[in-house]
Amino acid sequence: MTEHTVEGRPGIAAAIVVEDGSVLMVRRRVAEGQLSWQFPAGEIEEAETPEQAAVRETLEEVAVKVTAVKVLGERVHPKTGRNMSYVACAVESGTPYVADDEELAEIAWVRHAQIPEYVPYGLFAPVQAYLDAALSR
């Protein structure tokens, strides 16, 4: 079932994709040409679970096939007011590239120590805890 925020907009599912000691991040094109680093993410479609949306969005945005492992947590995003679901995903196949160049400017595999450079305002605590464990192995 799709979760909606107060204004009736669909929730967003973000894929937390970890491989070889790094997490996949995308640099998104947003209003006024500003660029922002995030995880592959997008709106949860009707009759779609957050896990299904995270898998679909990763394929659409960076052409990587992933498997949803588990939902790390959910919240109302403090900056956007949108319901967010964060889904840990494992790579099945593919090498990421900017497949959706209308939404994305670039991609990066980010090491644990580099996360604050890409996301200076900090990550949602359950996502940070997952990455602290996953990227320190």
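Is Gly8 buried, partly exposed or exposed? With a relative accessible area of 41%, Gly8 is partly exposed (buried is under 20%, exposed over 50%, partly exposed in between, with a 1.4 Å probe and protein chains only). This is a predicted model, so local features need pLDDT of at least 70 and side-chain atom pairs count only at pLDDT 80 or more, while totals for chains, interfaces and linings use all residues. Residues are numbered from 1 along each chain as its sequence is written, and side-chain values use heavy atoms, leaving out hydrogens and water.

**Cores**

- The largest nonpolar core has 24 residues (a nonpolar core being buried Ala, Val, Leu, Ile, Met, Phe, Trp, Tyr and Cys residues joined through side-chain atoms within 4.5 Å).
- Ile16, Val23, Phe39, Tyr86, Val127, Tyr130 and Leu131 have the most contacts inside this core.
- At least two core residues come from each of β1 (12–19), β2 (22–29), β6 (83–93), β7 (104–111) and α3 (125–134) (helices, H or I with at least four residues, and strands, E with at least two, are DSSP runs numbered from the N terminus).
- There's also a second, separate core of 14 residues, with Ala15, Val17, Val66 and Leu104 among them.

**Pocket**

- The largest pocket comes to about 830 Å³.
- On a 1 Å grid over the protein atoms alone, a pocket is an open set of points with protein on both sides within 12 Å along at least five of seven lines, where a 1.4 Å probe fits; lining residues have an atom within 4 Å of a point.
- Grid points are joined across faces, edges and corners, and the volume is the space filled by probe spheres set on them.
- Among the 32 lining residues, Arg28, Gln38, His77, Thr80 and Met84 are the closest to the pocket centre.
- Two or more lining residues come from each of β1, β2, β3 (35–38), β4 (41–43), α1 (50–62) and β6.
- The lining splits into 17 nonpolar, six polar and nine charged residues (Ala, Val, Leu, Ile, Met, Phe, Trp, Tyr, Cys and Pro count as nonpolar, Asp, Glu, Lys and Arg as charged, the others, Gly among them, as polar).

- His77 sits in the loop between β5 (65–76) and β6, and counts as buried because its relative accessibility is 15%.
- Apart from neighbours within four places in sequence, His77 is in contact with Arg82, Met84 and Tyr86.
- Pro78 is in the loop between β5 and β6 too, but is exposed at 66% relative accessible area.
- Gly8 lies in the segment before β1, and its C-alpha atom is 9.7 Å from that of Arg82, 74 residues apart along the chain.

**Aromatic pairs**

- The count is two aromatic pairs (rings of Phe, Tyr and Trp, using its six-membered ring, with centres within 6.5 Å; planes under 30 degrees apart are stacked, over 60 edge-to-face, the rest tilted).
- Trp37 and Tyr118 are edge-to-face, at 4.9 Å centre to centre and 80° between the planes.
- That pair links Trp37 in β3 with Tyr118 in helix α2 (residues 115–118), 81 residues apart.
- Trp37 counts as buried, at 13% relative accessibility.
- Tyr86 and Phe124 make a tilted pair, because their ring centres are 5.1 Å apart and their planes at 35°.
- Here Tyr86 in β6 is linked with Phe124 in the loop between α2 and α3, 38 residues apart, and both residues are buried.

Key. Contact = heavy atoms within 4.5 Å.
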